Amino acid sequence: MLRIDETSGTLVAPQAAGLVQESPPDREELLSLVTSSWEAFATELGIPNVKLLAREPVPYVDLLGLDEEAQRLVVILVTGDTVEWQLGRALGAAAEVAGWDKDKLVEAHESLAEVEPGSSPALVLVAGGYDERAIATIEWLAGKHGVPISAYTVSMVRFGGERLLAVRREPAQNGDPASDVQWMLSGGLPTGAGVASPMVSTAASTPPPA
């Protein structure tokens, strides 16, 4: 879980008592928070090896990253809403990036000169929630066809004057989208896989180079 620092605009870690559930940030705020605090957020997602390269390098690609170990592009889409269309948008974004030639890759970021053109990027979806059919489709694509796609749900609670952001991998083991928030409100221990427990503050930092 991540604490949103309203003064500086970044993500950091909280206490369990006195938490009140809230709606996640809207897309623009969440995208700004993730961009300015990428290292902390990537750790929450469990992808610390992914370096953030650019924000919105082309339409429909919110964030472009690079898995430095695998030398594989990563397309990240972010929204605070619960959406059914997110998956279709994500697949379209991946297809766009997979079609880039070497010149387009270098145009997006100079560090992509060694990336093989035509390689399929990994997909990371971050949203306030998912339609059941979207989760079923993600499991089918990843499990049956080896598509490198993962989805995360963000939850928000308020503690006094601060907002805290929790991130959970989907599908959750218990299937309950509110489980992370209920765990925080009760002050208990995490019960499901993929529950993020540390927190990050939201102080402003320099966005990655385009």
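Exposure classes before anything else: I call a residue buried under 20% relative accessible area, exposed over 50%, and partly exposed in between (1.4 Å probe, protein chains only). I am working on a predicted model, where local features need pLDDT of at least 70, side-chain atom pairs count only at pLDDT 80 or more, and totals for chains, interfaces and linings use all residues. Residues are numbered from 1 along each chain as its sequence is written, and side-chain values use heavy atoms, with hydrogens and water left out.

**Entry 1: salt bridges**

How many salt bridges are there? I get 12, taking a salt bridge as a side-chain nitrogen of Lys or Arg within 4 Å of a carboxyl oxygen of Asp or Glu.

I looked up Arg-163 and found Glu-29 as a salt-bridge partner, with 2.4 Å between the closest N and O atoms. This pair ties together distant parts of the chain, 134 residues apart: Arg-163 sits in strand E11 (residues 162-170) and Glu-29 in helix H1 (residues 27-36). For those labels, helices (H or I, at least four residues) and strands (E, at least two) are DSSP runs, numbered from the N terminus. Buried or partly exposed? Arg-163 is buried at 11% relative accessible area, while Glu-29 is partly exposed at 28%.

Next I checked Asp-131, which meets Arg-133 in a salt bridge at 3.0 Å, N to O. Asp-131 counts as partly exposed at 22%, and Arg-133 is exposed at 53%.

I looked at one pair by itself: Glu-56 bridges to Arg-55, and their closest N and O atoms are 3.4 Å apart. Glu-56 is partly exposed at 39% relative accessibility, and Arg-55 is partly exposed at 28%.

**Entry 2: enclosed space**

I searched the whole structure and found one cavity of 30 Å³ or more. By cavity I mean a set of points, on a 1 Å grid over the protein atoms alone, where a 1.4 Å probe fits but cannot get out; lining residues have an atom within 4 Å of a point. The largest cavity holds about 30 Å³ of space, the volume being what probe spheres set on the points fill, with points joined across faces, edges and corners.

What lines the largest cavity? My list includes Leu-73, Val-97, Trp-100, Leu-105, Glu-116 and Ser-119. By class, the lining has seven nonpolar, two polar and one charged residues. Here Ala, Val, Leu, Ile, Met, Phe, Trp, Tyr, Cys and Pro count as nonpolar, Asp, Glu, Lys and Arg as charged, and the others, Gly among them, as polar.

How values were computed: On a 1 Å grid over the protein atoms alone, a cavity is a set of points where a 1.4 Å probe fits but cannot get out, and a pocket is an open set with protein on both sides within 12 Å along at least five of seven lines; lining residues have an atom within 4 Å of a point.
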